[in-house]
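Dear colleague,

Please find below the structure that I am handing over to you. My notes on what was found in it follow directly after.

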Amino acid sequence: MTNRLPTELLIATRNEGKVAELRPMLVELPLSLRSLKEFPEIDEVEETGTTFSENAALKARSYAEQTRLWTLSDDSGLEVYALGGAPGVYSARYGGADLSYDERIKRLLDELSQTGSDDRRARFVCVIAIANAQGEIINLSTGTCEGTIARAPRGTNGFGYDPIFVPDDYEQTFGELLAEIKEKISHRAIALEAARSFLQNQFSLT
Ligand code: IMP
C-alpha cells in the first residue's frame, strides 16, 4: 500500500442525490473532489455482491483501478425487519429495474401489509469504501439509521424511499424533513463521518 497522500478524491456514484449529500461533508478535506460525470468513458461497475460492504468495495476498487485516483464509493439500502431485511442490497432494483419510486414504494407497502405484521421497523444502511490509487481497499465505514415505515408516502424532499421512512425520534418522513436534518442523522452521514475522520487522520499523520 502506498503512503503517498492524494490531492484528489473521486466520489464514485452516478446518483446525484447522493453526491449532493456527500459533497458538503467532505469540503473541509484538503482534496479536490472529482465526480464520475467527469469520466464518461469508464465502465460502469455492476453491483454483484450480496452485502453492502462487498458492493461498496468492488465499486471503489474498480473505479480506482480505472482512474488511478483515490476513490470513495458507497452502497446503501433499506432493510425492513418484517420483510427479513428486504429490499436490502436490492433496494435500487426492488420490483424490477423499470419501476418508478412511486411504484416501488407502493409495492413495499403492499408487501408489508401482506405479512400481517404490526412490526413496521426498518433501517437504512450505508457502507462507504475507500480505495487508494492502486485499487486497494484502505477503509470500510458503516452507518445505520433506524426508523419505521409510514402507512403512506409523505413529502417530496430527498430521493428513493425517503417519503416512507420515519427516522426514530421524529414524526416526519425523510421526504418531509429538511435536508439539513437528514444530513446530520442519516446512515450516509454516519458512515461518511467515519470515512471523513479516517481521511483526516491520514493527513494529520504526515
Ligand atoms: P445504491 O445506489 O446501490 O447504493 O442503491 C441504494 C438504493 O437504496 C437507492 O437507490 C435507494 O433506493 C435506497 N436508498 C439508499 N439510501 C437512501 C436514502 O437516503 N433515502 C432513500 N432511499 C435510499
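**The loop around Ser91**

Ser91 is placed in the loop that runs between β3 (70-80) and α3 (101-114); helices (H or I, at least four residues) and strands (E, at least two) are DSSP runs, numbered from the N terminus. The residue is buried, its relative accessible area being 5%, where buried means under 20% relative accessible area, exposed over 50%, and partly exposed in between (1.4 Å probe, protein chains only). Neighbours within four places in sequence aside, Ser91 makes contact with Gly77, Leu78, Tyr101, Arg104 and Tyr161, a contact being heavy atoms within 4.5 Å. Pro87 also lies in the loop between β3 and α3, and the peptide bond that joins Ala86 to Pro87 is cis, with an omega of about 0°.

**Basis of the values**

The model is predicted: local features need pLDDT of at least 70, and side-chain atom pairs count only at pLDDT 80 or more, whereas totals for chains, interfaces and linings use all residues. Residues are numbered from 1 along each chain as its sequence is written, and side-chain values use heavy atoms, with hydrogens and water left out.

**The chain as a whole**

The chain has five helices and six strands, and from the N terminus on its elements follow the order β-α-β-α-β-α-β-β-β-α-α. Its radius of gyration is 17 Å, which agrees with the value near 17 Å for a compact globule of 206 residues; the radius is taken over C-alpha atoms, and the globule rule is 2.2 Å times the number of residues to the power 0.38. Along the principal axes, the C-alpha atoms fill a box of roughly 55 × 30 × 25 Å.

Of the 206 residues, 49% count as buried. Where contacts link residues at least 6 apart in sequence, 59% of them join residues at least 24 apart. The accessible surface comes to about 10100 Å², and 48% of this belongs to carbon and sulfur atoms; the areas come from the Shrake-Rupley method with a 1.4 Å probe, and for residues only the protein chains shown count as cover.

The chain carries 22 positive and 32 negative charges, whose mean positions are 1 Å apart. Lys and Arg count as positive and Asp and Glu as negative, while His and the chain ends are not counted; each charge is placed at NZ of Lys, CZ of Arg, CG of Asp or CD of Glu.

**Nonpolar cores**

The largest nonpolar core has 22 residues, of which Leu9, Leu26, Leu72, Ile128, Ile130, Leu192 and Leu199 touch the most other members. Such a core is a set of buried Ala, Val, Leu, Ile, Met, Phe, Trp, Tyr and Cys residues joined through side-chain atoms within 4.5 Å. Two or more residues come from each of β1 (8-11), α1 (16-26), β3, β4 (121-131) and α5 (187-204), and α5 gives the most, with seven residues. Leu192 touches Leu22, Met25, Leu26, Leu72 and Ile128, residues up to four places away in sequence not being counted. A second, separate core has 17 residues, among them Ile105, Leu109, Cys145 and Ile149.

His187 is in helix α5 and counts as buried at 2% relative accessibility. Apart from neighbours within four places in sequence, His187 is in contact with Ser76, Phe124, Val125, Cys126, Gly143, Thr144 and Cys145.

**Further positions**

Leu58 belongs to helix α2 (residues 52-67). Its contacts, leaving aside neighbours within four places in sequence, are with Val45, Glu46, Thr48 and Gly49. From Leu58 to Leu99 the C-alpha separation is 26 Å, at 41 residues apart in sequence.

Asn15, in the loop between β1 and α1, is partly exposed, with a relative accessible area of 28%. Asn15 and Ser100 lie 85 residues apart in sequence and 15 Å apart in space, C-alpha to C-alpha.

**Backbone geometry**

Most residues other than glycine have a negative phi, and most peptide bonds are trans. Arg68, in the loop between α2 and β3, has a positive phi of about 60° although it is not a glycine; Arg68 is exposed, with a relative accessible area of 52%. Asp169, likewise not a glycine, has a positive phi of about 75°. Asp169 is found in the loop between β6 (165-167) and α4 (179-185), and at 80% relative accessibility Asp169 counts as exposed.

With kind regards
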